[in-house]
Amino acid sequence: QPTDRAGRPIPAACESACRWAGTSGRWTMLAMLAEDLRVPNPDDALTMRRGPAIDRMVAESLMQTHRGGEALPWWLAIIDAWQCEDFPTLIRAAETSVAFGTADDASERLEAAKLAAGDDGFNVSLTRMLEAELAIRRARLDEARDLLAVIVRATETTAELRPRAQWLIGETYFMQQKYAEAIDAYRRVDTLDATGQWAAVALLQAGKSFEKLARPREAATCYTALLTRFADLPHANHARTRLAQIGGDATLRR
């Protein structure tokens with residue numbers, strides 16, 4: 001049966017509750033369990049009666065509750081201690097390593113995920129996205145942009161990945177202070193994004209780019225469009241602040 005951080009047995013009912021919480025999306029409840037469980041090491045796997053299923057649910061709960069840094073050692077343990085090498089686990093480990101681990105460790109985990117991706121188009125797109133994000137982290141912005149352009153053009157890329165990749169292209173230009181190119185890239189996001197999630201942040205970043213170019217009227221147009229179309233998204237608050245700073249539409253600043 002499962003054990004807690006001190007090695008004390010956890011009742012079987014707790015394991016059942018964990019499985020129920022995972023399947024029903026009670027991520028906050030599961031994330032609380034992470035405080036009482038110890039991340040296993042390879043030696044633990046020989047004696048610990050808790051299997052990888054609970055650890056996988058705990059790791060995912062930390063991801064879903066925006067605690068990816070805490071999730072990283074769990075994903076690594078699922079691979080290194082429990083010897084799980086399925087693609088979903090490997091890509092999660094690569095994702096958290098790219099965001100929170102060292103660059104060298106991230107590269108190693110990403111290579112493992114790329115091998116497991118095989119010829120599956122969606123899986124390959126996920127690994128390319130992480131490869132681009134790692135290149136951005138290493139300040140290899142031209143390399144990242146080339147990788148992202150492939151994702152946007154590829155026929156096997158899913159609809160939810162294209163707008164994110166296009167937005168990141170804009171970000172690479174923004175970080176290089178190529179604001180005109182960034183604006184062009186951000187404008188293309190809207191045609192790719194059915195949900196508005198990436199279109200909203202693209203409008204925000206385009207507005208910032210116009211401000212960098214000392215073009216406040218165009219910046220205000222971007223912020224106004226964001227507030228008109230996506231007032232319920234978190235980016236709207238930042239747009240409202242920027243609009244107030246440059247003296248845009250008073251009715252939208254309220």
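Ala, Val, Leu, Ile, Met, Phe, Trp, Tyr, Cys and Pro count as nonpolar, Asp, Glu, Lys and Arg as charged, and the others, Gly among them, as polar. With those classes, the lining of the largest pocket divides into 12 nonpolar, 2 polar and 6 charged residues. The structure is a predicted model.

**The largest pocket**

- Rolling a probe the size of a water molecule over the atoms shows where empty space is left.
- The largest pocket has a volume of about 500 Å³.
- Its lining has 20 residues, and Glu95, Glu160, Leu161, Arg164 and Trp198 are the closest to its centre.
- Four helices each supply at least two lining residues: H6 (87-100), H8 (121-137), H10 (161-175) and H12 (197-212).
- Helix H8 gives the largest share of this lining, 5 residues.

**The second largest pocket**

- The second largest pocket holds about 220 Å³ of space.
- Its lining includes Met63, Gln64, His66, Arg67 and Gly68.
- Arg92, Glu95, Thr96, Ala99, Phe100 and Glu133 also line this pocket.
- Helix H4 (52-64) and helix H6 each supply at least two residues of the lining.
- Helix H6 gives the most, with 5 residues.
- By class, this lining has 3 nonpolar, 4 polar and 4 charged residues.
- Glu95 lines the second largest pocket, and Glu95 is also among the residues closest to the centre of the largest pocket.

**Helix H7: length and end**

- Helix H7 covers residues 103-117, which is 15 residues.
- At 1.5 Å a residue, H7 should span 21 Å, and its end C-alpha atoms are 21 Å apart, so the two values agree.
- Glycine 118 follows H7, and its phi is positive, near 60 degrees.

- An α-helix has 3.6 residues a turn, so residues three or four places apart point the same way.
- In H7, the buried residues are Ala106, Arg109, Leu110, Ala113 and Ala117.
- These residues cover an arc of only 105 degrees around the axis, which puts them on the same side of H7.
- Buried means under 20% relative accessible area, and exposed means over 50%.
- Asp104, Glu108 and Leu115 are exposed on the other side of H7.
- What do the buried residues of H7 pack against? They pack against helix H5 (68-80), helix H6 and helix H8.

Conventions:
Residues are numbered from 1 along each chain as its sequence is written. This is a predicted model: local features need pLDDT of at least 70, side-chain atom pairs count only at pLDDT 80 or more; totals for chains, interfaces and linings use all residues. Side-chain values use heavy atoms; hydrogens and water are left out. On a 1 Å grid over the protein atoms alone, a cavity is a set of points where a 1.4 Å probe fits but cannot get out, and a pocket is an open set with protein on both sides within 12 Å along at least five of seven lines; lining residues have an atom within 4 Å of a point. Grid points are joined across faces, edges and corners, and a volume is the space filled by probe spheres set on the points. The expected span of a helix is 1.5 Å times one less than its number of residues. Buried means under 20% relative accessible area, exposed over 50%, partly exposed in between (1.4 Å probe, protein chains only). The arc is that of the directions from the helix axis to the C-beta atoms. Contact means heavy atoms within 4.5 Å.
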